[in-house]
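Hello,

Here is the structure for you to look over. My notes follow below it.

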Amino acid sequence: MERMQQVVGRARAAFNSGRCRSLEFRLQQLKALERMVQEKEKEILAAINADLHKSGPNAFSHELMGVLGELALAVEKLPSWAAPQPVKRNLLTMRDEAYVCPEPLGVVLIIGAWNYPFVLILQPLIGAIAAAPTILTDVSPESKVMEEEIFGPVLPILTVKSVDEAIEFINRREKPLALYVFSNNKKLIKRVISETSSGGVTANDVIMHFLLSTLPFGGVGNSGMGAYHGKHSFETFSHRRSCLIKDLKMEGMNKLRYPPGSQKKVDWAKFFLLKKFNKVRVGLIILALLGIVAAVVTKVRLG
């Protein structure tokens, strides 16, 4: 326990130094990881074969290919993922700057599973590096979880009388990591999806939703927290920080918020915050007001 506390302490110190926050540093780390996977491909495949007896083609397609694809995507898209994202404003904040800024959560812990030991560690790691937390991976898997979940050549079969009974059976238990439905009837498939909950779904096949980087992979409830794959990995390890920078030139509008309160102020607040505006109509109103102001200014100058 003391050793683990020391490791976590060093990780937090590294994060607090700020060195992993820059976009350039994160891209360098991702590219270095990509080079490592490419250069050590034979050693990685040999290790997987020694531990799990997976053949080279099987191990590459199920473990390394997905990792290399995720790395290429993260390197290409990270600048846009990490950029501030402007959000819609209302009339009271129309001159202000409002955006969501992704920021790293901090020190994170990644625990994989033994059945896909490489991809289940590396794919979340890619998202964590992209988001800029500090990562710990040298931790033994939780033995209790391994005992409760079936990761082996075992396929329990339970016969049910109807789709209703199957849906009821699923919903009486904890939400699964994945749900597989086999049917020629798309309406039936959509019904099962809409009336159950799971981390993900593949219809008429198994595990294929895991291979698509645009789909988040993860559990829900008892089957897991968070999701990863592509941008979803980045978002899992990021905090979406809300930012609003007020324009002091619009300080006059704030009088509506300041005491003393009055019904007139409430009415104006309703007008600005609750009323749905037609953009064309608002534009015409603004043009009309500008015209009135221009006319008044001209009159004053002539007078």
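The model is predicted: local features need pLDDT of at least 70, side-chain atom pairs count only at pLDDT 80 or more, and totals for chains, interfaces and linings use all residues. Residues are numbered from 1 along each chain as its sequence is written, and side-chain values use heavy atoms, without hydrogens or water.

Start with helix 4, residues 56-82. (Helices are DSSP runs of H or I, at least four residues, and strands runs of E, at least two, numbered from the N terminus.) Helix 4 bends by about 50 degrees at glutamate 76. That bend is the angle between axes fitted to the seven residues ending there and the seven starting there. Proline 79 follows within four residues. Buried residues of helix 4 include Glu63, Leu64 and Trp81; buried means under 20% relative accessible area, exposed over 50%, partly exposed in between (1.4 Å probe, protein chains only).

Helix 3 (residues 41-52) packs on helix 4 at about 105 degrees, axes 10 Å apart. Axes are lines fitted to C-alpha atoms over the stretch in contact, and angles run from 0 to 180 degrees between N-to-C directions. In helix 3, Ile44 and Ile48 are among the residues that meet helix 4. Contact means heavy atoms within 4.5 Å.

Strand 5 (residues 178-181) pairs with strand 6 in the parallel sense over four bridges; pairing takes at least two DSSP bridges. Tyrosine 180 has threonine 202 as its bridge partner.

Phenylalanine 169 sits in helix 7. Its relative accessible area is 28%, partly exposed.

Best wishes
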